[in-house]
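Please keep the sequence and the coordinates at hand while going through the numbered points.

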Amino acid sequence: MRPTNNLKNQIALLCVTLVAVCCLVLLLAFWLFTWENHRQHLTRSMVHTDNVFRQYLESREAVLATAAQVLTADFGFKQAVATRDADTIASALANHSARIGAELMWLLDINGNLISTSAGTDRDDSTAFDWLTRDLIQAPGQGFFVVFDNVLYQVILLPVNAPRLIAYTLVGFEIDAAVTLELRELTGMEISFFDGRQRLLSSSLPLAKNAPFISELHSRSLPGLFFSRAEFSSHQLELNAVSDRPVGVLISAGLVDFYRDLDRQLQTMLVLAGIILLIGLAASVLLARNLTVPLAKLVVAARRFALGQYDGASLHRQANDEIASLFNAFADMGKKIDQREQQVLFQARHDGLTGLHNRNALLELIDRMVKSGDSFVVFALNIRGFQFINNSLGPDMGDRCLRAIADRLARHPGEHARIGGDEFVSLLPLAEGESAAICCRELLDLLRQPVAVADLEIPLSFRAGVCEFPADGGDGKTLLRRVTIALESVRNEGGDLRFYRTGEDEMLLQRLAIVEALRSAMQRDDGQLFMYYQPKLNLRTGQIDKVESLIRWRRPDHGWVSPEIFVSLAEQTGLIFDLSRWVLRTVVRQVCQWQREGIQMRAAINISAQDINHPDFCDFLKKILAEFGIAPAFITLELTERDLMSNELQAISVLKQLRDEGFGISVDDYGIGQSSLGKLKKLPVDELKIDKSFILKLDASPTDQMIVQSTINLGHNLGLVVVAEGVENEASLHLLRKMGADYIQGYFLAKPFAAAELKPWLENYYAVSNHA
């Protein structure tokens, strides 16, 4: 037994899997909860930091604004500005700058040109500050962040009025590392200022200035339990700056402490999960043992029951109530199996209705008698007209007849079986010198006695087939097959008793091979099957306006196959409709081809009773004609008397429909079938074809001449065209012309030939006729 199929292992695996899934779900839930809690905390911290940062900058901006207002309100400073006293202006700027700790303090004229700085120097390159003063002058009193000489400043610009506008003063604090460190202390987060090209201006982190840093910061990672993680979570703010010199700040929260705590908690949870798994494994093994040990005992008991040993089995002492109930059910089942075993074996080898052996038991009996080496007869029979008994008196009466026959067989020496329906087989031992025919006749005479059923005495007749051992076979299957062949032969040939004849089995196999080869030839349509055409001479006009279509088959590696053989087999095996469809399509296509060549030729096609009884025959015929554009008048359908009489009402209905469509209908081989004059006048036919047996020796047989003359007169009186087939000499032709026949056909006129030969034959025929 494979470990994966062991119930104990499966129970343990199931329990451990459930515990593991629960632990995994708890770990995942814990991780998600912790991560979401941290994310929300980080979001709140970012909002708090944003507020603190803005308040810090606003306070510095207020200091700048106050300082600038004090400076611009100083009367002496205004007078110095008005008189352009450079020394006084520089001194005032320097003193005021030192007093408030401003790193940048400039005086600008009303056009934004630099007049003086806190350092007391004049700047002549005033155009260098156009980018700075342009936006500041547009918003005096508003704080801005600007980068000057790669240094970030927070500045404010206020007007100097005396009383009109005479200048502007610009005051600014440098945003250096001290400021970023102060902000880090206030917010608990890393602060980094950068310009529009994302170059670092000032940061609380140890990063290189004037270099791109954001991608570097984002690429920093920390090792984790399962994968690396980002070192920082950052938030970006845009600061108020001049239009073409943007400035921003990056607020970064370090995640080192958070990940450290998270990893520590996860490790603790993993340890707890491992402990739980071990406990679950131990519990599952104990549970599985308590369940599987009693089941193993139960398996042993079941195997003993299978061997027919229903005692000595004991349950495990730890078996629960359910297992005990199951064991008791097994014990009861074993007893019932023991009681039924003989009955089942009997039914498996005997017929349920009659109690005789069935087919499987019969084969075993034959093989057993074959091994004994003694001669015996295999005698198969069925009841003539049993279907009528069943239908007229009811199935119950039919079953009673079968049981009565089985009782008679059972009283006769030998082994007897019913192998299906009304078919019985008997194995009759033969004493040395005993005649098999006499033995079989005695049994038939016994069975022929009328059967008394209820108040009725039902006379019975039988058909029987016989084969002998060892003459007709050496094993059960062969003997049974050959006796079935003998029974089928007596059914077809008539009589009541027939022995198997040597070679019939091989002939059956050969016929089956021919059927399969015919089926394949039709499907492949590779030239094995083809049509020949035999002309018909119109005696009234002297024209050849009809041909009869005759199928031929040249089988690869076997040569020619007679149409009488393969057409008969097609009718017996249900292939005839497929064969007729192939013939119809081929002939109609050929008629169409002849019309393209200017030959207006009607074609006669032989069909069978199965064709006219097929529900799709008429529709198929009309479809083929429509496909090739051929009028129905160019096609004559020939049926034998036997086919017409097989289902008279159906035949009349279908043929009437076809004649109404314009098809010609001909009775083939007339004179050798069952047609009476009364039936013939009811049939919707146009043509009567006298069988060639009356024509072949017409010139030498007065009797045939009388029959043919009467048939021609009869046909004409019924309004039918009369065709004589089998004309093989000129004398017969003259007689038929004198008798008034309408058409003749035979080797004297032409043998059947391929379609391609028709045109040159016609040309030659008319040339000879005209010359004569």
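This is a predicted model: local features need pLDDT of at least 70, side-chain atom pairs count only at pLDDT 80 or more; totals for chains, interfaces and linings use all residues.

1. Although D557 is not a glycine, its phi is positive, at about 70 degrees, and the residue is exposed, with a relative accessible area of 81%.

2. A second residue of this kind is D525, found in the loop between helix 14 (504-524) and strand 19 (529-538). Phi of D525 is near 50 degrees, again a positive value in a residue other than glycine, while its relative accessible area of 45% makes D525 partly exposed. For background, most residues other than glycine have a negative phi, and most peptide bonds are trans.

3. The backbone also deserves a look at the peptide bond from F469 to P470, which is cis, with omega near 10 degrees. P470 itself sits in the loop that runs between strand 17 (462-469) and helix 13.

4. On the helix 9 side, R359, L362, L363, I366, D367 and V370 take part, and they meet G476, K477, L479 and L480 of helix 13.

5. If its neighbours within four places in sequence are left aside, S608 is in contact with E571, I576, L639 and D643.

6. Helix 22 (residues 702-717) has 16 residues and reaches 22 Å from its first C-alpha to its last, close to the 22 Å expected at 1.5 Å a residue. Its buried residues are D704, V708, T711, I712 and G715; seen down the helix axis they fall within an arc of 100 degrees, so they line one face of helix 22. What covers these buried residues includes strand 24 (664-670), strand 25 (687-690), strand 26 (721-725) and helix 23 (730-739), whereas P702, M706 and N717 are exposed on the other side of helix 22. After helix 22 comes G719, whose phi is positive, near 80 degrees.

Note on methods. Residues are numbered from 1 along each chain as its sequence is written. Side-chain values use heavy atoms; hydrogens and water are left out. Helices (H or I, at least four residues) and strands (E, at least two) are DSSP runs, numbered from the N terminus. The expected span of a helix is 1.5 Å times one less than its number of residues. Buried means under 20% relative accessible area, exposed over 50%, partly exposed in between (1.4 Å probe, protein chains only). The arc is that of the directions from the helix axis to the C-beta atoms. Contact means heavy atoms within 4.5 Å.
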